[in-house]
Amino acid sequence: MSMDELKNKAEGVAGQAKEAAGEATDNDSLKNEGRADQTKSDIKEKANELKDKASDAFNKIVGDAKN
């Protein structure tokens, strides 16, 4: 797991904690901030997956072209 992936996971977990704290304290602002952090983490995770898939496809094409 790369550092970016670890940071994204940590951001998602922190977002869950903020959302839970917001729920417990009836703080809508904190709750919404936690949800936003989780969404941002999910978007970054999907972008990294897409980047990995594109890299794999490129490497396959280049590898096939060499043969």
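Trainee: Let's start with Ser-41: which helix is it found in?
Mentor: Ser-41 sits in helix H2, which covers residues 28-66. Keep in mind as we go that this is a predicted model.

Trainee: Okay, and is Ser-41 buried or exposed?
Mentor: Buried: its relative accessible area is 4%, and the cut-off for buried is under 20%.

Trainee: Which residues does Ser-41 touch, not counting those up to four places away in sequence?
Mentor: Ser-41 touches Asn-8, Lys-9, Glu-11 and Gly-12.

Trainee: Let's follow Lys-9, then. Where is that one found?
Mentor: Lys-9 is in helix H1, which runs over 3-25. With a relative accessibility of 41%, Lys-9 counts as partly exposed.

Trainee: And what is Lys-9 in contact with, leaving aside neighbours within four places in sequence?
Mentor: Met-1, Ser-41 and Glu-45. Take Glu-45: along the chain it is 36 residues apart from Lys-9, and their C-alpha atoms are separated by 8.4 Å.

Trainee: What lies in the loop between H1 and H2?
Mentor: Asp-26 lies there. Its phi is positive, about 60°, although Asp-26 is not a glycine. Asp-26 also counts as exposed, at 64% relative accessibility.

Trainee: Zooming out, how many helices and strands are in the protein chain?
Mentor: Two helices and zero strands. The radius of gyration is 18 Å, well over the 11 Å that the globule rule gives for 67 residues, so the chain is more spread out than a compact globule. Its C-alpha atoms fill a box of roughly 60 × 15 × 10 Å along the principal axes.

Trainee: What share of the residues counts as buried?
Mentor: Of the 67 residues, 18% do. As for the surface, the chain exposes about 5,100 Å², with carbon and sulfur atoms supplying 57% of that.

Trainee: Back to contacts: of those with a separation of 6 or more, what share comes from residues 24 or more positions apart?
Mentor: That share is 42% for this chain.

Trainee: How about charges: how many positive and negative ones are there?
Mentor: There are 12 positive and 15 negative charges, and their mean positions are 5 Å apart.

How values were computed:
Residues numbered from 1 in each chain as written. Predicted model: local features only at pLDDT ≥ 70, side-chain atom pairs only at ≥ 80, totals over all residues. Heavy atoms only, no water. Helix = DSSP H or I, 4+ residues; strand = E, 2+ residues; numbered from the N terminus. Rg over C-alpha atoms; globule rule 2.2 N^0.38 Å. Buried < 20%, exposed > 50% of the residue type's maximum accessible area, 1.4 Å probe, protein only. Contact = heavy atoms within 4.5 Å. Areas by Shrake-Rupley, 256 points an atom, 1.4 Å probe, with all protein chains shown as cover. Lys, Arg positive; Asp, Glu negative; His and termini not counted. Charge placed at Lys NZ, Arg CZ, Asp CG, Glu CD.
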